[in-house]
Amino acid sequence: MLIKPSKKLIYLDHAATTPVRPEVLRAMAPFWSVEYGNPSALYKLGVHARQALEKARSGVASVLSCRPQEVIFTAGGSESINLALLGVARYYRKTHPLSFSPPDTGGARGGTKHNGHIITSAIEHHAVMHAANALEQEGFAVTRIGVNREGVFNINELKNAIRPDTFLVSLMYANNEIGTIEPIAEIGNIIKNINAKRMTLSPKPLALSPIFFHTDACQAAGYLDLNVDKLHVDLLTLNGSKIYGPKQTGCLFARKGTPLEPIIYGGGQELTLRSGTENVPGIVGFAKALPLAQAERARETKRLIVLRDYFIAQILKHIPKARLNGPIESRAKQYPSSVSVRLPNNIHVSFADVDGEALMLYLDAHNIAVATGSACTSESTKPSHVLKAIGLSSKESFGSIRFTLGKQTTKAELNYVLKVLPLLVAQQRKMMGLH
Ligand SMILES: *Cc1c(COP(=O)(O)O)cnc(C)c1O
């Protein structure tokens, strides 16, 4: 060991999950034990639980500026995403005839019969990516739009991809690996205008439906505006575990009139869209965490941007052959729809001639927790699809580390990392005989 390990854990993986904050724990506590009623029961204990549930729903709705009936509580981000994608697609399949894809559409198997067309991107979270793959297997056509070097969606590619049988677009609000903030409001506005034109068509082609727009906002809730009208979205996914709330909690916002088939059948809870006895403590915890995260976001954004940019500058200055992946904040002016283009807590760096996984383990030995690429890919050795989409070679991808800061992160912690990191990188390169 070159330097003594930190006594305290330096947790820099807040994009993977966050600790539950004390206010949330306190709010949840009674619902595990004394207020354990089933919200569907009609006696007092059940009514209490129902009241807590509906209070939580109103609280979440006011953060999103939507109606309480538009909030469906789920068991987290992945479930919300699956409900959005599979739910809209299955409804569409039930109500629209098969259509032919135009012969010139690459991924969509031109000329063949299919159920309708979905657009997503090359950098989505696995939940969106794999749900879209499953729908493709079920006979839907899927187009995945690309991004530039910084991970920003190619809007022209999106516009060109839209076809008369396109009924669903799913694009993330902020990327979990490289921290790119996407121009969701701008895209939402484009889709809204297309839908307005579709309304005036007469006669309507049989496959025509409005395009429903879903955004995965799991990484956005701590830092970005979640007003669903300003974003022009029909569906929005949130989870608790990224905003100091409990794991396996979250919600799907589904705008009134957005048709959805359930993916979980049973007793008909959550407006029949998500059956199963409601997770009352979890829902109360999520509904406590979300407004707190939003109330603190302006202050946290300011504080973390300073720490983030300091950390980036020091790494690039003191470690040879290190490069930042994702957006470069000084170029934010190019993107009119946002003040910032990179999540305030995200630092993603590639170190040439370094094995990212080994580096992560050496950092862990110093009590520093980071991610290699994305937490969800850390069990596989495949290079991340996001890094591939921004043009990194697999070699560059393997030497990359994601640091994501959080509420408890201090400059002193980062300074400790900045002492350890250059030594570990140099040591590894020396062992590999490369420098
Ligand atoms: C974490 C995450 C998810 C998945 O959420 P779970 O609650 O873990 O199911 C989806 N999308 C993004 C962008 C995420 O960061």
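Predicted model: local features only at pLDDT ≥ 70, side-chain atom pairs only at ≥ 80, totals over all residues.
Leaving aside neighbours within four places, Cys251 is in contact with Val60, Val71, Ile72, Phe73, Thr74, Ser80, Leu236, Thr237, Leu238 and Phe286. Cys251 lies in strand β10, which spans residues 250-254. The relative accessible area of Cys251 is 0%, so this residue is buried. One of its contacts is Phe286.

The cysteines were then examined for disulfides. The structure holds 0 disulfides. Cys218 takes part in none, and its nearest cysteine sulfur, that of Cys251, is 9.4 Å away. Cys218 has a relative accessibility of 9% and therefore counts as buried. For Cys251, the closest cysteine sulfur belongs to Cys66. The distance is 7.9 Å, which is too far for a bond, because a disulfide requires two cysteine sulfur atoms within 2.5 Å.

Ser6 is a further buried position. Ser6 sits in the segment before β1 (10-11). Its relative accessibility is 15%, below the 20% limit, so Ser6 counts as buried. Not counting residues up to four places away in sequence, Ser6 touches His366, Asn367 and Tyr416.

Helix α3 covers residues 77-95, and helix α4 covers residues 126-137. Their axes are 9 Å apart and form an angle of about 25 degrees. This angle falls under 35 degrees, so α3 and α4 are roughly parallel to each other. Their crossing is right-handed. From α3, the contact involves Ser78, Ile81, Asn82, Leu85, Leu86 and Ala89. From α4, Ala127, Val128, Ala131, Ala132 and Leu135 take part. By class, this contact has 9 nonpolar and 2 polar residues, with no charged residues.

The second pair joins helix α9 (residues 297-318) and helix α13 (residues 411-431). The axes come within 11 Å and cross at roughly 15 degrees. That angle makes α9 roughly parallel to α13. The crossing of α9 and α13 is right-handed. On the α9 side, the contact is made by Leu307, Tyr310, Phe311, Gln314, Ile315 and His318. The α13 side supplies Lys411, Leu414, Asn415, Val417, Leu418, Leu421 and Pro422. The residues in the contact of α9 with α13 divide into 9 nonpolar, 3 polar and 1 charged.

Helix α13 also packs against helix α10 (residues 356-365). Here the angle is about 135 degrees, and the axes are 10 Å apart. α10 passes α13 in a right-handed crossing. Ala358, Leu359, Tyr362 and Leu363 of α10 make the contact. Their partners in α13 are Val420, Leu421, Leu424, Val425, Gln427, Gln428 and Met431. The contact of α10 with α13 comprises 9 nonpolar and 2 polar residues, and no charged ones. Leu421 of α13 takes part in the contact with α9 and in the contact with α10.

Conventions:
Residues numbered from 1 in each chain as written. Heavy atoms only, no water. Axes fitted to C-alpha atoms, helices over the stretch in contact; angles between N-to-C directions. Helix = DSSP H or I, 4+ residues; strand = E, 2+ residues; numbered from the N terminus. Parallel < 35°, antiparallel > 145°, perpendicular 65-115°, else oblique. Left-handed = near helix turned anticlockwise from the far one by under 90°. Contact = heavy atoms within 4.5 Å. Nonpolar A, V, L, I, M, F, W, Y, C, P; charged D, E, K, R; others polar. Buried < 20%, exposed > 50% of the residue type's maximum accessible area, 1.4 Å probe, protein only.
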